[in-house]
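The entries follow in the order I made them.

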Amino acid sequence: MNDDLRELADDYLRHVEATGKSPQTLAYYRRALAELFRFLELHSLPTGSDQVNRRELERFIVWLSNRESRRDPGRGISRQTVIGYYRALRTFWAWMVTIEEELDRSPFERMRAPRPEYKPVPILQDDELQALIAACRGNTFAARRDLAIIRFLMDTGVRRSEIHGLTVRDLDFKLMVATVTGKGNRQRMVPFGNRTAEALRRYLRARRRHPFAAETEALWLGRVGPLQKHGIRDIIRRRADDAGVPNVHLHRFRHTASHLFMANGGQETDLARLNGWTSTAMAARYGASAAEERAIAAHRRAALGDRF
């Protein structure tokens, strides 16, 4: 009998941390493993590394997928989370095979990944974006900061962690780019336009007079110092409520920016680079939010039936 999976999981998580994965990724892998061990315990199944095979793992995926249909308040798991946990566990078994040589083969080699149930995220329409901007009118510190945040998100579509991690030094107004740090601690430059630059400059002038301005390089400041991640989220929600725009969250800005980029002739390879993706697969997914709208517009430009 090989080693127990729980002990191996602890070593694996240390390995993941040593490779420089983000704390969020590490926490995600930990949750995936915890769900697996919960399943094995509930069903009185063994936890030896050579005792959990494809059959048990497929039962686990079905168990996760049916979580919503069981009366388990507050414990529902989305389809996307099921797929994410599948991928996290697949890397765990790959580590046991290739790094630890605990097993000769991974049971995931003979498994099919759960199919995604993708629901396109609705993009923000022009009138909604204009309403969000209008909700930030004023010359107070909060108004200038919130307008700069919203315009930056509209213009770049960066992730929440990326906009939160910005410092004053990350803004280059000569090149009109900002340096953001994305997943895997990878840095990239994202361009922004003139109106975003104007909003950022106005905010920076107000920021100089903030009591904490000299104590931190963090770009976004609140009443008691640098904004936390939930602070940016709360700003978006508050301004969306003021604007009367429902269901606004940071990822809607990301989908909207991706759609507008492609609607104006941008290529998936360029979008992938701008958004910090290593392949165009995510570009296709994010572009799907309004792909039909772009296809109709392209057909009208081509005027196929009007050529003869």
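Entry 1, a cut-off. I call a residue exposed when its relative accessible area is over 50%, buried when the value is under 20%, and partly exposed in between. The model is predicted.

I looked up Arg209 and found a relative accessible area of 64%, so I put Arg209 down as exposed. Arg209 sits in the loop between helix H8 (194–207) and strand E4 (221–222). On the surface, Arg209 belongs to a patch of positive charge together with Arg201, Arg202, Arg205 and Arg208.

Which residues gather in a patch of negative charge on the surface? I noted Asp3, Glu7, Asp10, Glu100 and Glu101. Of these I checked Asp10, which is in helix H1 (residues 5–18).

I found strand E2 (residues 177–181) paired with E3 in the antiparallel sense, over 5 bridges. Ala178 has Val190 in E3 as its bridge partner. The hairpin of E2 and E3 has 5 residues between the strands, and there Gly184 takes a positive phi near 70 degrees. I then followed the side chains along E3 (residues 187–191), which alternate.

How many salt bridges does the structure hold? I wrote down 12, and looked at some of them in turn.

Arg105 and Glu109 meet through their side chains at 2.9 Å, N to O. Arg105 has a relative accessible area of 49%, so it counts as partly exposed. Glu109, at 47% relative accessibility, is partly exposed as well.

Glu128 and Arg252 form a salt bridge at 3.8 Å, N to O. Glu128 is in helix H5 (residues 126–134) and Arg252 in helix H10 (residues 250–263), so this pair ties together parts that are 124 residues apart in sequence. Arg252 is at 4% relative accessibility and therefore counts as buried.

Arg145 and Asp146 form a salt bridge at 2.8 Å, N to O. Are these residues buried or exposed? I have both Arg145 and Asp146 down as buried. Through salt bridges that share partners, Arg145, Asp146 and Arg239 are joined into one network.

Definitions and conventions: Residues are numbered from 1 along each chain as its sequence is written. This is a predicted model: local features need pLDDT of at least 70, side-chain atom pairs count only at pLDDT 80 or more; totals for chains, interfaces and linings use all residues. Side-chain values use heavy atoms; hydrogens and water are left out. Patches are made of residues with over 30% relative accessible area and no salt bridge: like charges are joined within 9 Å, nonpolar side chains (Val, Leu, Ile, Met, Phe, Trp, Tyr) within 5 Å. Accessible areas come from the Shrake-Rupley method with a 1.4 Å probe; for residues, only the protein chains shown count as cover. A salt bridge is a side-chain nitrogen of Lys or Arg within 4 Å of a carboxyl oxygen of Asp or Glu. Lys and Arg count as positive and Asp and Glu as negative; His and the chain ends are not counted. The place of a charge is taken as NZ of Lys, CZ of Arg, CG of Asp or CD of Glu. Helices (H or I, at least four residues) and strands (E, at least two) are DSSP runs, numbered from the N terminus. Buried means under 20% relative accessible area, exposed over 50%, partly exposed in between (1.4 Å probe, protein chains only). Two strands pair if DSSP finds at least two bridges between them.
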